[in-house]
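The structure is shown below, and the discussion follows it.

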Amino acid sequence: MSAATTRSRTARTPAPDRLCAEAVDLARAAAEEAAAPGAVGEHVSLVSEGDRVVTHYFECEDPGYRGWRWAVTVARASRAKKVTLDETVLLPGSDALLAPEWVPWSERLRPGDMGPGDLLPTEAEDPRLEPGYTGEDEPPPNSVLAGMSDEIADLVDVEDAELTTRPAEVNRGAIASVAEELGARRARVLSRYGLRLAADRWDEAFGPRTPMAQAAPASCVTCAFLLPMAGSLRQAFGVCANEFAPADGRVVSLAYGCGGHSEAAVMPKTPQPAPHAMDTMRVDTYSLRPDDSGSVPALPDGPTEDLGHS
């Protein structure tokens, strides 16, 4: 093996300095000073960090840091025989128990985590929400359809009147076939009593008297996640479509509410400090002698009068 090869390997991985490698007691004392009593275990190994720089590793006996090691780095100056302490730190080993990677709260939140009084902010560009009214379906002001809206309404009224005035000669079989095609063929429907019982159950579970609704910033009637119902109960109930809300997929009262309201949770702005009422950076100059322009003339003192005092 050539001398150049030996020199290059020595430069990459220098041999541990003898005095630094023997300073185990100094490294242990430093680790015990930084750790809790009884947390420093046996000496595990040492690693050469450079010329006259060695790191000693000790086992960590703390139950909360399984697999961690105390790393104490010692060094020695050139031509010096005294070893000094450089750094003491607790480092994880290959089988150390580590905390999981940090996850943002928006990705960490799961359905059912929200409780009374909690707020779930919604982003301005939330893909689950869109403007409730854009005006795209309306014809332009100068369009022909815009001027015909009143005429079309009149024609619809006339057609409805003609249909209602015709004699009722309708085949029940035809009605049943059409109803079956539309998916509305039912022998019976829910009575008012059945509707009232269902409304009482839904209002008790997700109504305005629940703790969640009492602590909510707004009600469901103004929430974008509310899906309206069909039928007579749509005036009082709807279906929640917020996956993080406690009532996701449930029938809720319009007076119900939670912290997942689409418009209630607004991120607060950073408070700005008020400007100083007094300018402390300005330097005011004052004359050391009285100014001639003042109201009191600067005259020398005259002879004092005898006022009878000693």
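In which strand is S253 found? S253 lies in strand β7, which spans residues 251-253.

## Basis of the description

The model is predicted, and local features need pLDDT of at least 70, side-chain atom pairs count only at pLDDT 80 or more, and totals for chains, interfaces and linings use all residues. Residues are numbered from 1 along each chain as its sequence is written, and side-chain values use heavy atoms, with hydrogens and water left out.

Helices (H or I, at least four residues) and strands (E, at least two) are DSSP runs numbered from the N terminus. Buried denotes under 20% relative accessible area, exposed over 50%, and partly exposed in between, with a 1.4 Å probe and protein chains only.

S253 counts as buried because its relative accessibility is 6%. Setting aside residues up to four places away in sequence, S253 is in contact (heavy atoms within 4.5 Å) with D203, F206, G207, P208, C220, A236 and F237.

L195 belongs to helix α8, residues 192-205. With 23% relative accessibility, L195 is classed as partly exposed. Beyond its neighbours within four places in sequence, L195 touches L190, S232 and L233. L195 and S232 are 37 residues apart along the chain, and their C-alpha atoms are separated by 9.0 Å.

## The four-stranded sheet

Four strands form an open sheet in the order β1-β2-β3-β4, with antiparallel pairing; strands pair if DSSP finds at least two bridges between them. At the edges are β1 (40-50) and β4 (83-92), each of which pairs on one side only. From one strand to the next, the twist averages 20°; this angle is taken between N-to-C directions, from 0 to 180 degrees, of axes fitted to C-alpha atoms.

Seven bridges connect β2 (residues 53-60) with β3 (residues 68-76) in the antiparallel sense, and H56 has V72 in β3 as its bridge partner. Between β3 and β4, also antiparallel, there are nine bridges, and R69 stands opposite L91 in β4.

## Helix α3 and the cores

In α3 the buried residues are A27, A30 and A31. They lie on the same side of α3, because they cover an arc of only 95° around the axis, where the arc is that of the directions from the helix axis to the C-beta atoms. On the other side of α3, D25 and E33 are exposed. The buried residues of α3 pack against β1, β2, β3 and β4.

A nonpolar core is a set of buried Ala, Val, Leu, Ile, Met, Phe, Trp, Tyr and Cys residues joined through side-chain atoms within 4.5 Å. The largest has 18 residues, and V40, F58, W70, V72 and V74 have the most contacts inside it. The elements giving two or more residues to this core are α3 (24-34), β2, β3 and β4; β3 gives the most, with four residues. Another core lies apart from it and has 16 residues, including L109, L120, C240 and C258.

## Cysteines

The structure holds zero disulfides, a disulfide being a pair of cysteine sulfur atoms within 2.5 Å. For C220, the closest cysteine sulfur is that of C258 at 6.1 Å, which is too far for a bond. C220 is buried, at 11% relative accessibility, and C20 is buried as well, with a relative accessible area of 0%.
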